[in-house]
Amino acid sequence: MNRILTTHVGSLVRPKPLRDLLAAKERGEQVDETVLEQATTEAVEDVVRRQADAGIDVVDDGEMGKLTWITYLYERVSGLEPRMVPVEGTTILPPSRDRQAFPEFYAEHDAAFAIEMADALQLELAEGESAQVKLWFCTGPLEYDATRLEQDIARFKAALDGVEVTDAFLPVVAPASVYWLRNEHYATEEEFVFAVADALHVEYKAIVEAGLMLQVDDAVLMHEYDSILAEGGSVEDYRRWAELRVEALVHALRGLPEDRIRYHVCFGSWHGPHVHDPPLADLIDLVLKVPARYYLMEQGNPRHEHEWRIWEGVTLPEGKVLVPGVVTHHTTVVEHPEAVAQRLVRLANVVGRDSVMGGTDCGFAQGAFIQRVHPTIQWAKLEALAEGARLATKELYGAEAAS
Amino acid sequence: MSDRILTTHVGALQRTPEAEAALLGEAPVEELTAAVADVVRRQVEAGIDVVDDGEYGKSIWQWYVTERLDGIERKEREGLAPLRGRDHLEFPDFYAYALATPNVLFHGSDRAFWNAIATVPVCVGPIAYKADPVERDIANLKAALDGADVADAFMPAVAPASAEVDMANEHYATQEELLWALADALREEYRAIVDAGFQLQVDDAWIPAMWDHDPSLDLETYRAYCRTRVEALNHALEGVPEDRVRYHLCWGSWHGPHATDIPLAEIVDLMLAVDAGTYLVEAANVRHEHEYHLWETVELPEGKKLAPGVVTHSTNLIEHPELVAERIVRFADRVGRENVIASTDCGMGSRIHPELGWAKLATLAEGARLATERLW
């Protein structure tokens with residue numbers, strides 16, 4: 001290719017018309033499905049065009065058809081039953097040593113998050129009433145229904161028609177990351193996890209067969225380390241938990257061409273201190289077990305920026321590509337393109353220029369009602385990413401650079 | 001000469017509710033003294049070598065001085081007018097959202113801070129300096145330092161250029177006359193601080209931020225404007241030993257995109273023209289981190305020190321000590337290990353949650369220890 005390509009992790013801030021319709025639906029109001037479909041189609045067209053305009057080479061649908069990057073799946077498989085249960089503590093976010101170390105910060109964070117969600121949903125926060133959260137319970141055999149996925153694919157392909165991009169991907173959830181889901185049907189944890197993997201296999205295969213790249217999102221794989229340790233578990237407990245789920249992911253990816261697969265890990269996208277995130281070096285063996293060509297990981301925030309150096313000690317297998325976050329949703333400040341270029345060049349100097357693509361730390365909107373930065377800053381960051389990749393290309397390829 | 005990387009920070013730390021009440025006159029002044037003792041103790045515990053009073057005695061770094069000057073009145077203003085510049089023009093929707101949402105541009109509800117922002121100073125008569133507040137701050141810091149194990153102590157003060165910005169002038173014949181009157185007044189504060197045995201830190205965010213603030217300026221006019229302000233500052237610093245002066249530049253600490261910040265390369269000569277021994281400048285946020293490369297072509301004058309930001313208030317994530325060390329080493333490789341002091345991008349107070357501000361100072365110290373191991 002002779003240049004540094006750019007992509008991002010997937011979720012983008014939903015345009016307001018779409019978000020308002022989804023909010024009405026969440027409030028239990030009657031929403032005309034054709035109106036919702038039209039708004040989703042327009043949102044996909046808009047974000048695909050804007051990614052191309054920003055200079056992103058490998059684009060997605062911004063996850064416009066998904067309510068969140070995790071729970072979208074629960075609308076697409078049979079055998080599940082949603083139930084409202086009281087929130088434990090102050091949040092639906094996972095337990096962590098980070099929360100234990102910064103209790104006052106997290107109290108403020110959780111209150112602000114609750115207000116953000118209520119504002120987006122246009123709900124009044126009930127005083128005194130104990131908050132409830134929707135959890136999903138597996139009460140029967142899991143089976144994937146491809147109807148919504150086919151809509152996602154059709155909308156995305158239509159939007160790709162007429163824009164100039166290098167490639168296109170659709171993000172999906174990994175078996176380890178099916179959070180807020182409890183098993184009441186399968187006899188063992190292993191049976192349940194592999195049943196999830198079998199359901200996901202249908203989704204993964206359909207995306208690849210549609211000619212799109214598949215991106216498997218697995219933030220929980222990394223974050224559960226902090227959760228398990230926070231609840232008194234050991235690193236061995238974590239590895240047992242994680243290894244089963246990575247095996248399940250390998251199973252879900254069976255028969256699919258490695259060069260069409262991207263694997264994204266991160267440490268949880270909320271704006272917390274993240275002091276207890278596990279070192280990537282300790283878990284990289286798990287990541288590299290996944291048969292993907294592209295590995296996307298955080299390197300654009302100050303907790304993980306230094307981890308580019310792990311590749312001095314870890315060999316990246318032949319033909320694989322690293323997609324580090326070189327811009328982050330964790331600060332409002334827009335990255336200077338020179339900073340982006342420096343991050344790309346120093347990694348390229350370790351693993352080789354053909355094994356590096358520019359990416360983001362995580363998505364900008366993990367759900368329809370979440371925005372990690374204001375949308376105008378999201379787009380400025382994607383433009384800075386593209387500009388930084390152009391500078392890196394000049395430095396790394398010089399006269400050989402593709403125009 | 002030190003055989004390790006020393007640590008410091010830019011000055012403002014998260015004021016406690018007790019200090020806020022005492023500063024506003026709602027609690028006995030002794031509570032301010034106690035709060036300063038506490039904030040010094042916490043800096044020492046965090047591993048900071050060169051400490052200050054957290055600016056607990058100042059409403060806000062820029063306009064506190066108007067409370068110490070005869071000839072200045074404060075009038076109500078609407079909105080955050082000082083933030084309206086190039087960045088605002090490029091990101092109007094973001095700024096509209098940020099101004100309507102708590103804890104986006106700044107953090108917390110410190111009333112001394114917000115009251116100062118809500119008013120605009122107007123010069124209505126001859127400017128004269130009143131030394132009582134600085135004497136109070138000096139006494140509080142001295143008492144706090146008694147028995148504390150620190151390498152040195154500093155006290156921040158505003159630069160004439162940064163006191164002047166947005167000050168309406170109804171008295172002096174020209175803007176420059178106002179500037180020089182401010183310089184003469186501030187000179188008294190500077191001397192009081194140095195005479196007390198502290199390092200003087202002169203804060204001058206409005207030198208870099210003026211480029212954003214006034215979109216009508218071209219580079220030449222802007223630099224001429226800055227040159228005059230540096231002259232006024234040097235006038236105010238006359239007779240103060242250079243090695244007791246620290247000069248801090250930043251691009252404005254609000255959590256905006258900062259996409260239009262002027263590159264350090266365009267103003268580094270102006271910074272180095274200030275008669276200071278140490279220069280503190282942002283280098284830990286994503287807009288300015290790459291600028292360490294500048295020191296490959298710009299020479300830090302003999303005997304001067306650089307105190308780059310290696311942790312920043314602009315993200316909640318706590319910098320990994322390895323990253324802090326990497327940043328320090330990058331500077332040491334370019335200007336010499338004995339000339340680098342590890343610092344913050346800007347003040348933490350009213351910028352970030354207190355728990356995070358303290359964690360950032362601790363990781364700064366830990367990173368400096370790692371860097372020391374590597375450099376010595």
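Two residues count as in contact here if their C-beta atoms, placed from the backbone, lie within 7 Å. With that in hand, let's start where the chains meet: 29 residues of chain B are in contact with 29 residues of chain A. On the chain B side, the elements that give two or more residues are helix 4 (92–100), helix 12 and helix 13 (354–375). Helices here are DSSP runs (H or I, at least four residues), strands are DSSP runs too (E, at least two), and both are numbered from the N terminus. Sorted by class, that side of chain B has eleven nonpolar, eleven polar and seven charged residues. Nonpolar covers Ala, Val, Leu, Ile, Met, Phe, Trp, Tyr, Cys and Pro, charged covers Asp, Glu, Lys and Arg, and the others, Gly among them, are polar.

A word on what you are looking at: this is a predicted model, where local features need pLDDT of at least 70, side-chain atom pairs count only at pLDDT 80 or more, and totals for chains, interfaces and linings use all residues. Residues are numbered from 1 along each chain as its sequence is written, while chains are lettered from A and ligands numbered from 1 in the order in which they are written.

Now for chain B as a whole. Chain B has 13 helices and eleven strands. Its radius of gyration is 19 Å, close to the 21 Å that the globule rule gives for 376 residues, so chain B is as compact as a globular protein of that length. (That radius is taken over C-alpha atoms, and the rule is 2.2 Å times the number of residues to the power 0.38.) Along its principal axes, the C-alpha trace of chain B spans about 55 × 50 × 45 Å. Buried residues make up 53% of the 376 residues in chain B; a residue is buried if 20 or more other C-beta atoms lie within 10 Å of its own, exposed if 12 or fewer, and partly exposed in between, again with C-beta atoms placed from the backbone. Among chain B contacts between residues at least 6 apart in sequence, 85% join residues at least 24 apart.

Next, find the open sheet of eight strands in chain B, with parallel pairing and the order 1-11-10-9-8-7-5-2. Two strands pair if DSSP finds at least two bridges between them. At the edges are strand 1 (6–7) and strand 2 (50–51) of chain B, each pairing on one side only. Strand 1 and strand 11 of chain B pair in the parallel sense over two bridges, and L6(B) has I341(B) in strand 11 as its bridge partner. Two bridges also join strand 11 (residues 341–344) of chain B to strand 10 (residues 305–311), running parallel. There, V311(B) stands opposite T344(B). From strand 11 of chain B, I341(B) and S343(B) point one way and A342(B) and T344(B) the other way, and all are buried.

S350(B) has a positive phi of about 60° although it is not a glycine, and it counts as buried because 24 other C-beta atoms lie within 10 Å. N103(B) also has a positive phi of about 60° without being a glycine. You'll find N103(B) in the loop between helix 4 and helix 5 (111–118) of chain B. With 15 C-beta neighbours inside 10 Å, N103(B) is partly exposed.

Back in helix 12 (residues 321–335) of chain B, look for F331(B). F331(B) is buried, as 24 other C-beta atoms lie within 10 Å. Leaving aside neighbours within four places in sequence, F331(B) is in contact with Y292(B), W295(B), L306(B), P308(B) and V340(B). F331(B) and L306(B) are 25 residues apart along the chain, and their C-alpha atoms are separated by 8.5 Å.

Finally, hop over to chain A. Three strands form an open sheet there in the order 2-3-5, with mixed pairing. Strand 2 (77–86) and strand 5 (181–183) of chain A stand at the edges with a single partner strand each, so one side of each is left without a neighbour in the sheet. Three bridges join strand 3 (residues 132–144) of chain A to strand 5 of chain A, which run parallel, and W136(A) stands opposite L181(A) in strand 5.
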